[in-house]
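Please have a look at the structure first.

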Amino acid sequence: MKPLVVLLLVPTGVGAAVGGFAGDAIPVARLLAGAADCLIAHPNVLNGALLSYPLTNALYVEGYGLDRFCKDEWRLRPVHRNRVGVVLDADLSASQRQQHLHAVEAARYTLGIDILGHCTSEGSLGVEICVGATGTAWGTLRHPGRLLAAARRLAASGAEAIAVVSRCPESDDTDYRSGDGVDPVGGVEAVISHLVVRHLRLPAAHAPAFDYEPAPGPVHPRVAAEVLGPTFLPCVLAGLARAPQLIKGAEALPQDIGAAAVDVVVSPVDCCGGAGLLALMDRANPPVLLAVEENTTRLNVTPEHLGLKARRVRSYLEACGWLVALKQGVIFAEGPAAAIQA
């Protein structure tokens with residue numbers, strides 16, 4: 001029987017009601033992974049700061065790699081483990097650097113993750129955080145070459161996946177901490193990981209480093225994962241440890257997973273304009289698109305605006321019901337069967 005392959009998308013930095021905070025989409029991923037044979041999701045879905053939840057049938061794929069996969073330019077090759085290299089921003093304070101080195105050693109000795117080592121950038125990466133006119137978060141690096149140089153040193157030494165820790169400037173995140181705003185670093189996190197994946201074609205993910213508040217005040221429950229400790233690196237290392245390798249189409253083996261294998265895409269209802277999603281829906285045999293109405297964002301790009309054929313569902317629980325029905329080959333009949341004319 002053909003395995004049911006599901007792509008779960010929650011774009012970063014757009015204020016998603018579910019998945020707009022660190023780790024708050026993990027329960028959704030666990031739910032859908034229970035119905036799917038293979039769940040493909042990205043770090044924004046599966047990262048939870050100090051928390052992560054192992055899903056044996058989930059593939060952790062960063063957004064740029066996902067887009068190339070959806071365009072059928074790259075394939076996904078599942079692995080048993082990756083040797084992970086860690087880039088540390090030279091701009092980290094002494095205490096931030098030590099905290100993240102503790103996280104590296106803790107991941108090696110408590111989780112058994114194969115970590116090659118760490119490499120410090122030759123100068124600050126210069127992370128900048130911005131907010132767009134629509135209220136979505138974005139950002140940039142003043143020195144992208146320093147990040148790529150450090151990542152290339154790790155790759156040349158044998159790293160099969162790259163984690164990046166950068167110092168992020170303070171921002172007004174009062175609304176976010178109250179559970180009603182946009183993750184201010186969501187946009188720049190995507191920029192950093194996209195850059196590494198684009199140039200090295202290795203799995204990559206980013207962990208921001210903030211000045212830690214030793215006595216944090218109360219926050220909204222959805223923000224709680226982000227104030228558990230001073231580092232977000234553990235979830236990134238856990239995800240990259242088994243992230244699939246990104247294979248060019250010409251180098252693919254028959255068992256590698258391609259875009260044609262995707263049966264279902266699950267997306268928030270109002271942000272269906274991503275390059276990967278559009279590429280999949282433009283295929284001759286597109287997957288089923290489930291647009292989840294309970295998950296709204298700061299965008300207004302619905303399937304109807306784009307002329308996409310989609311099935312609107314009210315919740316992720318209803319989406320899971322559709323996955324079960326598809327897997328069982330069940331169609332709920334409506335009206336009489338059509339008479340086919342000769």
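A crossing is called left-handed if the near helix is turned anticlockwise from the far one by less than a right angle, and right-handed if clockwise. Helices (H or I, at least four residues) and strands (E, at least two) are DSSP runs numbered from the N terminus. This is a predicted model, in which local features need pLDDT of at least 70 and side-chain atom pairs count only at pLDDT 80 or more, while totals for chains, interfaces and linings use all residues. Residues are numbered from 1 along each chain as its sequence is written, and side-chain values use heavy atoms, with hydrogens and water left out.

**Two helix pairs**

Two packed helices are described by the angle between their axes and the distance between the axes. Axes are lines fitted to C-alpha atoms, for helices over the stretch in contact, and angles run from 0 to 180 degrees between N-to-C directions.

| Pair | Angle | Axis distance |
|---|---|---|
| Helix 5 (residues 144–156) and helix 7 (residues 186–200) | roughly 55° | within 10 Å |
| Helix 4 (residues 94–111) and helix 8 (residues 233–240) | about 40° | 9 Å |

Angles under 35 degrees count as roughly parallel, over 145 as roughly antiparallel, 65 to 115 as roughly perpendicular and the rest as oblique. Helix 5 and helix 7 are therefore oblique to each other, and their crossing is right-handed. On the helix 5 side, the contact (heavy atoms within 4.5 Å) is made by P144, L147, L148, A151, R152 and A155, and on the helix 7 side by I192, L195, V196, H199 and L200. These residues divide into nine nonpolar, one polar and one charged. Here Ala, Val, Leu, Ile, Met, Phe, Trp, Tyr, Cys and Pro count as nonpolar, Asp, Glu, Lys and Arg as charged, and the others, Gly among them, as polar.

Helix 4 and helix 8 are therefore oblique too, with a right-handed crossing. In this pair, H100, A103, V104 and A107 of helix 4 meet L233, P234 and L237 of helix 8. The contact holds six nonpolar residues, one polar and no charged.

**Helix 7 and its end**

Buried residues (under 20% relative accessible area, with exposed over 50% and partly exposed in between, for a 1.4 Å probe and protein chains only) in helix 7 include I192, L195, V196 and L200. Just after helix 7, R201 takes a positive phi of about 50°.

**A residue in strand 2**

I40 lies in strand 2 (residues 38–41). I40 counts as buried because its relative accessibility is 0%. Its C-alpha atom is separated by 6.1 Å from that of L8, 32 residues apart along the chain. Leaving out residues up to four places away in sequence, I40 touches V5, V6, L7, L8, L59, V61, L66, F69 and L76.
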